[in-house]
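Work through each task with the model at hand, then compare with the solution.

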Amino acid sequence: MITRIEQIVDALEPQLIEQRRDFHKYAESGWTEFRTASLIARKLHDLGFEVKLGRDVVREADRMGVPDEATLEKHYQRAREQGADPEFLPALRGGFTGVVGILRCGEGPVIGMRFDIDAVDMTESQSPEHRPVREGFASVNPEAMHSCGHDGHASIGLGVAAALVELKDQLRGTVKLVFQPAEEGVRGAKAVVGSGILDDVQYMFAAHLGSGSPTGSVAGGRGSFLATSKFDAFITGAPAHAGGKPEGGHNALLAAATAAINLYAIPRHSQGATRINVGRLQAGTGRNVIPAQAHLAIETRGYTSELEQHMYNYAVRILENAAAMHGCTLEVRAMGGAISGKSDIELADRTRRIAQRISDFTHVHPGLSGGGGSEDYTYMMARVQANGGQATFISIGADINGAGHHTAEFDFDERAMRGAVKLFVASALDIMQNR
Ligand SMILES: [Zn+2]
């Protein structure tokens, strides 16, 4: 069976590269993946998948860090001009940019696979040394660049769809291919889970292409993710003449500055690693005006969700009291979040054993891999695990130039997509046939 899978996927490679380069060129950031998602829906539909999209797979109340209406609409129109599929585009309007393709093949297990599709809010390098520039597929959209490899993930997902259709006679059960918006800033997965689309999933997979390891390397499951909260604090005071009546104002700048200093004074925790960062602080309007407004962009993290919650609660208490000190009010707005999570060792091991039989993989890592990042896929893992299922997060090496994720020179080795597709497909078949 592996041989047949390898033949099918090897034949798909030119398509994998073409799709990846197309998504790369028209990069779209979280909640604005209108073109990307519409083309994914078109492809899944044409392959014979049942397609669910928009509000059917994205629960409005669980979305986090959604851009304002004007930005959403501007990018919606941009997508239309850049070749979005006119049939599927309207369902995505307003930032409901999730797509799920379902393939039902009779009785059997329900398998979910997550592919994130969003770009990072940054402008791609224009250097002629940069391969996407040299080969004509660098992002044409300012402040949107696929510098994390999610263009590859989207293409891998479509490759999995195409290969599964060719292997349909072997499938017993249901496969749900979940194309998730807004993974960057951990904003999208919770809303996809909130739609209930994963409630019947028994086995859940996701993978990340990584620039840190060479092509041919793979780990069957990641062992830890930091829980995180991304939130904005808005402090509101009252303006006054700085010379004529300074006592009449409520100084939001001082409240914000006091808060920032004290946020970093939260003690370390005996139970494990924690983090806090104030990434942005803006306040005030003019030299001779008591500053009436301040805005802080903050994130907290923790090795477990409990540690993270401790950091978050402590941070909010500091913000509230710093605001109160200067007679200001506080509003905290959630911009993103993820819980901690862990791959199931049983499914990770199973994935590792399958990888060992795929010719693309030359270094198969034992056990669970580590790392200090966060991923909102943890919401999906948690839902499946809570329902008695298993979930894993696969790491796939794809280094090409040593440039790190989220840098303007990021690129990955496109050959790694082939191995990734094989691993997803072979894992699905293994579960369906030997469960
Ligand atoms: Zn990523």
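**Exercise 1. The four-stranded sheet**

Determine the strand order and the pairing of the open sheet of four strands, and find which strands stand at the edges.

Solution. The structure is a predicted model.
- Step 1. From one strand to the next, the twist averages 15 degrees.
- Step 2. For the pair β7 (residues 227-236) and β9 (residues 293-302), 10 bridges link the two antiparallel strands. Within this pair, D232 is opposite A297 in β9.

**Exercise 2. Helices on the four-stranded sheet**

Which strands does helix α7 touch, and which does helix α8 lie across?

Solution. 
- Step 1. Helix α7 (residues 252-263) packs on the sheet and touches β7, β8 and β9. The direction of α7 makes about 15 degrees with that of β9.
- Step 2. Helix α8 (residues 305-325) lies across β7, β8, β9 and β10. Relative to β9, α8 runs at about 160 degrees.

**Exercise 3. The eight-stranded sheet**

Give the order of the open sheet of eight strands, name its edge strands, and describe how helix α9 packs on it.

Solution. 
- Step 1. The order is β1-β2-β4-β3-β5-β12-β6-β11, with mixed pairing.
- Step 2. β1 (50-53) and β11 (363-365) are the edge strands, each pairing on one side only.
- Step 3. The average twist from one strand to the next is 20 degrees.
- Step 4. Strands β2 (residues 99-105) and β4 (residues 173-180) run antiparallel and are joined by seven bridges. R104 has T174 of β4 opposite.
- Step 5. Helix α9 (residues 345-355) packs on this sheet and touches β5 (203-210), β6 (217-219), β11 and β12 (390-397). The directions of α9 and β12 make an angle of about 40 degrees.

**Exercise 4. Two partners of helix α11**

Describe how α11 packs with α5 and with α1, and classify the residues in the contacts.

Solution. Two packed helices are described by the angle between their axes and the distance between the axes.
- Step 1. For α5 (residues 150-166) and α11 (residues 415-434), the axes come within 9 Å and cross at roughly 45 degrees. α5 and α11 are therefore oblique to each other, and the crossing is right-handed.
- Step 2. On the α5 side the residues are G152, S155, I156, G159, V160, A163 and L164; they meet M417, A420, V421, F424, V425 and A428 of α11. By class, this contact has 10 nonpolar, three polar and no charged residues.
- Step 3. For α1 (residues 2-25) and α11, the axes come within 8 Å, with a crossing angle of roughly 130 degrees. This pair is therefore oblique, and α1 passes α11 in a right-handed crossing.
- Step 4. α1 contributes I2, I5, E6, V9, D10, L12, E13, L16 and R20, and α11 contributes M417, R418, V421, K422, V425 and A426. The contact of α1 with α11 divides into nine nonpolar, no polar and six charged residues.

**Exercise 5. Helices α2 and α3**

Find the angle and axis distance for α2 and α3, then list the residues that meet.

Solution. 
- Step 1. Helix α2 (residues 34-47) packs with helix α3 (residues 69-81) at about 50 degrees, and the axes are 8 Å apart. α2 and α3 are therefore oblique to each other.
- Step 2. F34, R35 and S38 of α2 meet H75, Y76 and A79 of α3. Three nonpolar, two polar and one charged residue make up this contact.

**Exercise 6. The two domains**

State the bounds of the two domains and characterise their contact.

Solution. 
- Step 1. According to the domain assignment, domain 1 comprises 2-225 + 341-434, and domain 2 comprises 227-338.
- Step 2. Taken over C-alpha atoms, the centres of domain 1 and domain 2 are 35 Å apart.
- Step 3. Domain 1 gives 11 residues to the contact and domain 2 gives eight residues. On the domain 1 side, four are nonpolar, four polar and three charged.

Definitions and conventions:
Residues are numbered from 1 along each chain as its sequence is written. This is a predicted model: local features need pLDDT of at least 70, side-chain atom pairs count only at pLDDT 80 or more; totals for chains, interfaces and linings use all residues. Domain bounds come from an automatic or database domain assignment. Two residues are in contact if their C-beta atoms, placed from the backbone, lie within 7 Å. Ala, Val, Leu, Ile, Met, Phe, Trp, Tyr, Cys and Pro count as nonpolar, Asp, Glu, Lys and Arg as charged, and the others, Gly among them, as polar. Axes are lines fitted to C-alpha atoms, for helices over the stretch in contact, and angles run from 0 to 180 degrees between N-to-C directions. Angles under 35 degrees count as roughly parallel, over 145 as roughly antiparallel, 65 to 115 as roughly perpendicular and the rest as oblique. A crossing is left-handed if the near helix is turned anticlockwise from the far one by less than a right angle, and right-handed if clockwise. Two strands pair if DSSP finds at least two bridges between them.
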